Structures are given as C-alpha cells and as structure tokens.
Amino acid sequence: MSLRCEATEQGVLLSAGSMELSVLSALPEFLASIDGSGPEAERLHPPAYRDDDEAEREFQRLVGDDLDGLHRADATELAEVTRRLGHGPIELEVAQAESLLRAVGTARLALAARTGLFDLDELPETPSTPQQTLVHFLGVVQESLVGALSDRLDTPSPS
Amino acid sequence: MVAISPWDVVVWNDPVNLMSYVVWVFRSLFGYGEQEATRLMLAVHHEGRAVVASEPREQAELAVTRLHHHGLWATLERR
C-alpha cells in the first residue's frame with residue numbers, strides 16, 4: 001500500500017501508487033452509476049423523521065436534490081484529485097481533502113449496500129472477493145485521510 | 001419571548017462506517033473535542049444511538065442533512 005496522507009500547514013499532502021490511483025480513478029464512474037433506486041440509494045438517503053411520514057416527505061422534497069448535488073460535487077472533486085495525482089504527489093486544501101474523504105466514504109457505503117455487506121464484522125480479515133477487497137481498501141484510504149485531517153484539528157491555529 | 005422547543009439530533013449505529021471516521025465527523029461538524037466525540041461514538045456503537053445536538057427544528061434539519069452528506073444515519077426528534 002503506497003497511499004500517503006500527511007497533514008501540512010495548508011491542508012493535506014497526498015500521494016498514491018499506480019494501483020491505488022487506478023482504483024480511486026474508477027470511483028467517480030461508480031458513484032455516477034448510483035441511480036434513485038436500489039439498496040445503495042436507500043443507504044445514501046436515510047430518513048430524517050422516523051415516525052412522521054408527512055414531515056419526512058416534506059424534508060425529502062426540500063433537501064433530497066440538495067443531498068444529491070452535494071454527493072455529485074464530492075465526486076467531481078474526487079475526479080479532479082485523481083487526475084492531478086496521476087502527475088505525482090499533490091497538496092489539497094482542507095475542504096478538498098474533506099470532499100475526497102466523503103466521496104470515498106460514499107463509494108464504500110454504496111458498494112457495501114450493493115453487495116449486501118451490512119456489517120463490518122462480516123468482512124473476513126483477509127478479503128476473499130473483489131468487492132470485499134475494495135471495501136477494505138476504501139476503508140484504509142478513509143483511515144489515512146481521517147488521520148491527516150484529525151492531525152489538523154489537533155494542531156492549534158496560529159493566533 | 002416565545003421559547004423555541006429544541007429538537008434532538010440523533011445518530012444511529014451503522015456497522016459499516018469506521019469508528020475513527022465517525023469521531024472525525026462529530027469533531028468536524030459540531031466542534032467536539034476528541035474525548036467527547038469518542039464518547040458519543042462509543043454511545044452510538046454500544047447503545048445503538050446517541051443525541052449529538054439539540055437545536056431548534058430548522059437547525060436540527062440542517063445538522064441531519066450534513067450528517068447524511070457525511071454518510072451517517074441521523075434523524076431528528078422532538079425533545
């Protein structure tokens with residue numbers, strides 16, 4: 001695994017090997033393939049009101065499209081980051097790194113939902129299928145980004 | 001002055017999201033320190049749910065939308 005995420009003064013320094021880059025580059029297309037139906041869509045649009053159908057309908061009417069737009073924006077950022085990564089290590093602003101983190105997380109959740117993996121405990125220590133391997137890999141990418149972004153949260157801002 | 005009833009923002013356990021990621025989301029969205037964010041994450045993990053904020057309804061809906069954007073299961077309920 002040659003993915004590296006490191007907190008910097010400006011944001012996050014990111015580098016990836018060719019295998020990791022190849023996988024990450026395929027994610028925008030996967031995310032674009034998620035339509036409004038199926039277990040992935042259900043997982044990415046959870047209800048806000050558990051016991052009030054009318055309030056839930058109103059909530060989805062008001063924010064449903066916004067949430068799709070936010071996911072698309074993250075996927076667009078992911079595509080741009082992977083394009084730049086193809087030329088070597090890059091430094092991301094915090095907002096870009098956060099967008100990347102969300103896009104990777106969304107892909108991981110969608111893939112898990114699509115393949116019926118609803119509990120990480122069901123994932124064997126050594127993944128045995130391509131889908132399990134991908135879910136595991138995306139988790140490693142997330143942990144790396146979370147580590148770098150958390151380092152920034154722990155670093156006091158200059159006064 | 002009319003009191004505005006707060007609504008609770010509830011995060012539900014989701015066995016696919018990473019614990020470290022959930023802690024980061026709580027810190028990033030709500031400004032919690034590491035300790036409190038971890039306590040809330042463990043409450044979600046062990047008890048199935050945790051209240052992460054209490055806000056007037058409109059702000060609670062915004063918080064839930066932001067949590068959904070980050071891939072967490074979240075709802076709001078009247079206090």
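**Grounds for the descriptions**

Author: Gly139(A) is buried, at a relative accessible area of 6%. The model under discussion is a predicted one.

Reader: Why is Gly139(A) called buried?

Author: The term buried applies under 20% relative accessible area. Gly139(A) has 6%, so the residue counts as buried. Gly139(A) lies in helix H5 of chain A, which spans residues 130-154.

Reader: What makes Arg108(A) and Leu18(B) contacts of Gly139(A)?

Author: A contact requires heavy atoms within 4.5 Å. With neighbours within four places in sequence left aside, Gly139(A) is in contact with Arg108(A) and Leu18(B), so heavy atoms of these residues come within 4.5 Å of Gly139(A).

Reader: How do you know whether Gln96(A) is buried or exposed?

Author: Buried means under 20% and exposed means over 50%. The relative accessibility of Gln96(A) is 19%, and Gln96(A) therefore counts as buried. This residue belongs to helix H4 of chain A. Beyond residues up to four places away in sequence, Gln96(A) touches Glu77(A), Arg84(A) and Glu91(A).

Reader: Why is His70(B) called buried?

Author: The relative accessible area of His70(B) is 7%; the limit is under 20%, so His70(B) is buried. His70(B) is found in a loop of chain B, between helix H3 (57-69) and strand E3 (74-78).

Reader: Which residues are in contact with His70(B), leaving aside its neighbours within four places in sequence?

Author: Arg102(A) is in contact with His70(B), as are Tyr21(B), Trp24(B), Val25(B) and Leu29(B). As for Ala43(B), its C-alpha atom is 19 Å from that of His70(B), at 27 residues apart in sequence.

Reader: What makes a group of residues the largest nonpolar core?

Author: Such a core consists of buried nonpolar residues joined through side-chain atoms within 4.5 Å. The largest one has 68 residues, and Leu14(A), Phe26(B) and Leu67(B) have the most contacts inside it. Helix H4 (residues 94-114) of chain A gives the largest share of this core, ten residues. Apart from neighbours within four places in sequence, Phe26(B) is in contact with several residues of chain B, including Val11(B), Tyr32(B), Leu40(B), Met41(B) and Leu72(B).

Reader: How do you know that chain A and chain B form an interface, and what is the area buried between them?

Author: In chain A, 31 residues are in contact with 25 residues of chain B. The size of an interface is often given as the accessible area lost when the parts come together. Here the buried area is about 2,700 Å², and carbon and sulfur atoms give 62% of it. Of the area that chain A buries against chain B, Arg43(A), Tyr49(A) and Arg102(A) supply 20%, more than any other three residues.

Reader: What makes up the secondary structure of chain A, and in which order do the elements run?

Author: Chain A has five helices and three strands. Counted from the N terminus, their order is β-β-α-α-α-β-α-α.

Reader: What percentage of the residues of chain A count as buried?

Author: Chain A has 159 residues, and 43% of them count as buried. The accessible surface of chain A comes to about 8,600 Å², with 50% belonging to carbon and sulfur atoms.

Note on methods. Residues numbered from 1 in each chain as written. Chains lettered and ligands numbered in written order. Predicted model: local features only at pLDDT ≥ 70, side-chain atom pairs only at ≥ 80, totals over all residues. Heavy atoms only, no water. Helix = DSSP H or I, 4+ residues; strand = E, 2+ residues; numbered from the N terminus. Buried < 20%, exposed > 50% of the residue type's maximum accessible area, 1.4 Å probe, protein only. Areas by Shrake-Rupley, 256 points an atom, 1.4 Å probe, with all protein chains shown as cover. Buried area = accessible area lost by both parts, 1.4 Å probe.
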